[in-house]
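Have a look at the model below, then read on for the spaces, the surface, the strand pairing and a few local details.

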Amino acid sequence: MDIPKIRIWGICLLIAAFTRPIQAQDYIDLVSLSYATTPSNEFKTGGQSTKVRQFDANVDLPIIIDENRVLLTGFSAQTNSLLLDPSFTDKSTVGSFLLKLGVNLVHSEKLSGTYMLIPRLSSDYGKIHGKDLQLGALALLKLTKTERFNYKIGIYVNTEKFGLFVAPLLGFYYKSQNEKFEMNVLLPASADMNYRLFNNIFAGMYFESLSGSYYLNNGRFDNAPQYVNKSSNDLYLYLGIPLTKSLLLKPKIGFTVGRKYRTYGENDKVSFSLSSIYVGDDRTQLNQDFSDGLVAKLELLYRFHFKK
């Protein structure tokens, strides 16, 4: 199911739908809705604090062409609501809406590949124009070793507001013989391990890197265009509670590490970014950081089960 920073939150959602090893698991999550909130997080100076609220929605619609080809379609949306700086009196809302269009190809008995284009609108939606648009692409190969174990290797690129972002991807999937323990890892984006307890209830630990950049049409500093560069590494403990055969509820409690919503001028960019490494980063941050802290999240999944 589903560790270091990655600059695009959409990767975590893509992992959930298109990089799972269908041969090894008997389900796929087609729809997910989640809401996360934090207690008040204090800014470094000024005596102010802010709560962070985030809503995510993800829909995946795979279309089977034949036994060797699956068309991958879907969309994802996200909103973040928070106070960007202690000098502000009202919260800012930034968000993303992305489309997913790609294909999964079976190259041989052991090797398959996922190839996707990911156009995305990412901004405060003050008005919609070309500066809100970003374009990403994903290529991921999966090598099946056994029925219960496989490797994944690939690359993700995206035209973030701070410059070109490139992320090499490396991971694996494992499921135990008794089908109670499961691991799904794709570094540097996410890692999940869980254990089935009783009555189909399972407990797990989940790490995700939520990141992205959002264009600010209505700049909060000097009324000039800016963008927000978000990054956060979240570690959760969770339960998986089946409501029906197809609906699954996941309450999560966790802690954020290195959480930042940094604001920069529109033209203040880096040369490029390789995962969490910024090359040529001499940007001037306009706002203040706030503290890490607890985060609570509630997720609802529609899970499609394959017939055995």
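A quick word on naming: strands (E, at least two residues) and helices (H or I, at least four residues) are DSSP runs, numbered from the N terminus. With that in hand, S15 turns out to give the largest share of the lining of the second largest cavity, at 4 residues. Bear in mind that this is a predicted model, where local features need pLDDT of at least 70, side-chain atom pairs count only at pLDDT 80 or more, and totals for chains, interfaces and linings use all residues. Residues are numbered from 1 along each chain as its sequence is written, and side-chain values use heavy atoms, with hydrogens and water left out.

**The second largest cavity**

- Rolling a probe the size of a water molecule over the atoms shows where empty space is left.
- A cavity here is a set of points, on a 1 Å grid over the protein atoms alone, where a 1.4 Å probe fits but cannot get out; lining residues have an atom within 4 Å of a point.
- The second largest cavity has a volume of about 130 Å³, a volume being the space filled by probe spheres set on the points, with grid points joined across faces, edges and corners.
- There are 16 residues in the lining of this cavity, and those closest to its centre are Gln54, Leu210, Asp234, Tyr261 and Val295.
- Two or more lining residues come from each of strand S1 (27–37), strand S4 (53–60), strand S15 (226–242), strand S16 (247–265) and strand S19 (294–305).
- By class, the lining of the second largest cavity splits into 6 nonpolar, 5 polar and 5 charged residues. For this count, Ala, Val, Leu, Ile, Met, Phe, Trp, Tyr, Cys and Pro are nonpolar, Asp, Glu, Lys and Arg are charged, and the others, Gly among them, are polar.

**The second largest pocket**

- A pocket is an open set of points with protein on both sides within 12 Å along at least five of seven lines.
- The volume of the second largest pocket is about 390 Å³.
- Its lining has 20 residues, with Tyr27, Arg196, Asn200, Arg303 and His305 nearest the centre.
- Strand S12 (181–187), strand S13 (190–198), S16 and S19 each put at least two residues into this lining.
- The lining of the second largest pocket holds 6 nonpolar, 5 polar and 9 charged residues.

- Leu33, Tyr35, Phe55, Leu243, Leu247, Leu300, Tyr302 and Phe304 make a nonpolar surface patch of about 680 Å².
- To count in such a patch, a residue needs over 30% relative accessible area and no salt bridge, and nonpolar side chains (Val, Leu, Ile, Met, Phe, Trp, Tyr) are joined within 5 Å. The areas come from the Shrake-Rupley method with a 1.4 Å probe, and for residues only the protein chains shown count as cover.
- S19 is the top contributor to the patch, with 3 residues.
- Leu243 sits in the loop between S15 and S16.

**Strand pairing**

- Two strands count as paired if DSSP finds at least two bridges between them.
- S4 and strand S6 (residues 69–82) run antiparallel, joined by 8 bridges; Asp56 has Gln78 in S6 as its bridge partner.
- Strand S5 (residues 63–66) pairs antiparallel with S6 over 3 bridges, and a hairpin of 2 residues joins S5 to S6.
- S6 also pairs antiparallel with strand S7 (residues 92–106), over 14 bridges, and Leu82 is partnered by Ser92 in S7.
- Strand S8 (residues 111–123) and strand S9 (residues 133–146) are antiparallel partners over 11 bridges.
- S9 pairs in the antiparallel sense with strand S10 (residues 149–160) over 10 bridges, and a hairpin joins S9 to S10 through 2 residues.

**Salt bridges and backbone details**

- Side chains of opposite charge can pair when their charged atoms come close.
- The structure holds 11 salt bridges, each a side-chain nitrogen of Lys or Arg within 4 Å of a carboxyl oxygen of Asp or Glu.
- One of them joins Lys100 and Asp60, at 2.6 Å from N to O. This pair links distant parts of the chain, with Lys100 in S7 and Asp60 in S4, 40 residues apart.
- The peptide bond from Leu187 to Pro188 is cis, with omega near 5°, and Pro188 is in the loop between S12 and S13.
- Asn199 is not a glycine, yet it has a positive phi of about 50°; Asn199 lies in the loop between S13 and strand S14 (201–216).

Note on methods. Patch = residues over 30% accessible without salt bridge, like charges linked within 9 Å, V, L, I, M, F, W, Y side chains within 5 Å.
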